[in-house]
Amino acid sequence: MTREPGSASFPAGSGYSTSEGPMRRAFSSLTRGVWVWYTFLLPPLLLILVFVGYPTLLAFRQSFYTRTPEGQVFAGTYHFERLLTNSIFWGALGNTILLGLAFLAIVIPLATIFASMLNRVRHGATPLKVIYFLPQLTSSVAIAIMFHYVFQPDWGLLNGGLRSIGLSEVPLWLADPRFNLTGSRAAVTVLAVWAGLGYFIIVTLAGLQSIPADLYDAAAIDGATPLQAWFTITLPSLRPTFIFLIMTGTIDALSRFGDLWTLGGPGGAPARSLQSIVMYMFQTGFESNDFSLSAATAVVFFLIVLGVTIIAFWGFLRKEFKAMK
Amino acid sequence: MKPLSRRLLFLSTAIVTSLFAGVALQAQDKVPVSVLMIGYPDQDSTDAVTGVVSPGIGHLEEAFEAANPGIDLQIINIPWGEGATGYAPKTEAMIQGNEACLYEMPGAAAFARRGALVDLSKLIEADSSFVNLWGPALTTLRIWGPDNPQGLYFIPNNTGERVIHWDATLFDHYGVEPLSKNPTLDEIAEKAKLLTGTDPVTGEQTYGYYYQGKYAVWQFLSIAHAMGANWGSVGADGKMTIEWNTPTYLKALEWFVDMAKYAPEGALASDGMPQGFLSDDNVVAIIPEGEQGYFIQPLIANPDLQARYRSSFNLRGPDGVGGVSTISPLAMAASCENKDAAWTALKWLAGSADAERYYFESNGRIPTSSAGAEALPQIASFPDGDVVLTQPQFAEAPYPWAAAQPRWAMQTALEGALAGTLTPAQALEQAQAETDAWLAEQQ
């Protein structure tokens, strides 16, 4: 077997060692076995570059151009100026934030309570977990259609129930665009909580089960009641779980589309009360054929999500990462 | 090779050659006319639930060639599709490649402005045998083209339909005179008010009026047109002017908001006909601008329903037409080489009873020509068969912005007005501002 000078597999003191020898050996030991993993990772990376990276770059480019019959014309920041002075955009953004906040404010406390109770269940916890998780596996469109039957003001399940117990003045739900607790926004928040609760419960439950039992034993010895233990041990220990849920929940809430589209149509009916920023982006691009404005919306949306992620990381997770180091 | 085999080989070769020669000669005698059709079944197909057979596009071709033996009709049938694979880019490619003479062409107005279509009014003038089977539609559908500012660049070959539905049983329970065939806004308002309340026979709450909340824009435009409103126009350069914020539209919106009080409270959230429609449980008396797809097949299948669920002509404006148009335009490419044969084919495809029957049986589309009664006797025999079959001829011209921002601007503003979050004046102001912003961006 012929060996090349400088090969990492040359024995020390063979006379072929150079000043590069130790470095090459170090490099070789670092990369040995690694290339095979890069090879496996390459196909999905290529797919992401082709189907996510490239379209993203195109969207960025399109936001600075205008389509004309003569071709693309550079427009600078014109479409961003149009967007930021557009009341429909701000309305959609406000809706998205409001619906997201309402969802998280309800689902996280509910999930914590349900997960804490499930954590105490001795028998039948698994079937219960499956039942709570089932809506998560259902298509958002199917859920929206189902809730349309629930919240339909005239013949829907909910108002039918309210009438059957003697109420004559029933809420209008999906026919009411006002900011109130019985309008369209409230209805879609209930829908989102119903659909997402199972996932939040499962993640919170995992967080609960990672809390060392010793802490509870020590608290019990110190005479803490179960409620005191829950407030002083359980909730603080769930901080990383809550941060994870808030971050992922925020990004999901910002990109909400399928259920709102199914219930509210392209315009987020009634009166744009259900129009999210992604729906606005879709409507602008594919209903009104204003692709530059739609691309500008996508860029702003990207920056918002990026900003939320950075703020969440620096604000909440830095402590956890430092602790890990 | 043995002599017998050789003779057999010679004989079969001769037969095959003469067959091919015959077919080629026959095809040579015929004038080819290619036509792009959209969304018809390629083959016969049977509905798995109802067992109804939808005939494939080949039946249309056969019927045409039987009626027009001198023309070889070559149908190119494509699906509607979406986006890059939709009918629009395919139509554009075919126009640019001169690949067909006739086109079912939803975006015909834009092609006409580019000079890509033949002005059919000139063919009509030159055709002494031409009979107008499409009524006022041939006037309503005239649009601007480079060779004629009032040109006729397409003829509708089939359509969806909007009529005014009314429930004769509810009228009877309340003792209200049946709705007339051509009702006015005043008649609708008066009767809707009388029909809202507790049904004297069933004791159920009933509603005199109804609108489909998510498509309220179409009913509103129909009301406004009946009051004489005009949304605007498309100029010679293709630029649109749209005027929503006018006294007539304001009057129409105030009327609409007032009438919404006689509709079910949840109508604003609806995207279809009311619950119970076409059943014994219906509680809605009058539905202006109601969709046809909901009633034709059930009425054919159940003749008892025909006496209860009646149809009147849509609201008409001072110009004698009214109601949203959902036509399928059939146009002729300017590049067509066999224009005479193509004109014959166009007239047949848009007007003959055979063609109209095919469109209904394959896709449920309603006839646009006066051959409808002959094509579909099962509809002609409805108590209001004449309304159903002739309303398409009286529809308004298609709105060129029907799938663009002005529609959504008006729809959203209407929702605000109907929900009470905007006054009618504020709603029109909002719709105008959003429409103006969109118009300013159009090239």
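Biologist: Helices (H or I, at least four residues) and strands (E, at least two) are DSSP runs, numbered from the N terminus, so which helix holds D354(B) and R357(B)?

Modeller: D354(B) and R357(B) both sit in helix α14 (residues 353-363) of chain B, three residues apart, which separates them by about one helical turn. This is a predicted model, in which local features need pLDDT of at least 70 and side-chain atom pairs count only at pLDDT 80 or more, while totals for chains, interfaces and linings use all residues. Residues are numbered from 1 along each chain as its sequence is written, chains are lettered from A and ligands numbered from 1 in the order in which they are written, and side-chain values use heavy atoms, with hydrogens and water left out.

Biologist: What do D354(B) and R357(B) form?

Modeller: They form a salt bridge, with the closest N and O atoms 2.9 Å apart; the term stands for a side-chain nitrogen of Lys or Arg within 4 Å of a carboxyl oxygen of Asp or Glu.

Biologist: And how many salt bridges are there over all chains?

Modeller: A search of the whole structure finds 15. One of them joins E65(B) to K30(B), where the closest N and O atoms are 3.6 Å apart. E65(B) belongs to helix α2 (residues 58-67) of chain B and K30(B) to the loop between α1 (3-29) and β1 (31-38) of chain B, so this pair ties together parts that are 35 residues apart in sequence.

Biologist: New topic: which residues form a disulfide?

Modeller: C101(B) and C336(B) do, their sulfur atoms lying 2.0 Å apart, where a disulfide is taken as a pair of cysteine sulfur atoms within 2.5 Å. The pair links distant parts of the chain, since C101(B) is in the loop between α3 (87-96) and β5 (102-104) of chain B and C336(B) is in the loop between β16 (327-332) and α13 (339-351) of chain B, 235 residues apart.

Biologist: Is C101(B) buried or exposed?

Modeller: C101(B) counts as buried at 7% relative accessibility, because buried means under 20% relative accessible area, with exposed over 50% and partly exposed in between (1.4 Å probe, protein chains only). C336(B), at 5%, is buried too.

Biologist: Which strand do the bridges join to β8(B)?

Modeller: Four bridges join β8(B) to β16(B), and the two run antiparallel; strands are said to pair if DSSP finds at least two bridges between them. I155(B) has L330(B) in β16(B) as its bridge partner. Strand β8 (residues 155-159) of chain B is mostly covered, as five of its five residues are buried.

Biologist: How many residues of chain B are in contact with chain A?

Modeller: 24 residues of chain B are in contact with 28 residues of chain A, a contact being heavy atoms within 4.5 Å. Two salt bridges are counted between the chains, and E434(B) forms a salt bridge with R272(A), the closest N and O atoms being 2.5 Å apart.

Biologist: What pLDDT does chain A average?

Modeller: Chain A averages 88, and 92% of its residues score at least 70, where pLDDT is the predictor's confidence in each residue, from 0 to 100. Over residues 1-17 of chain A, however, the pLDDT is below 50, although this stretch has twelve contacts in the model beyond near neighbours in sequence. Where pLDDT is low, the predicted coordinates should not be read in detail.
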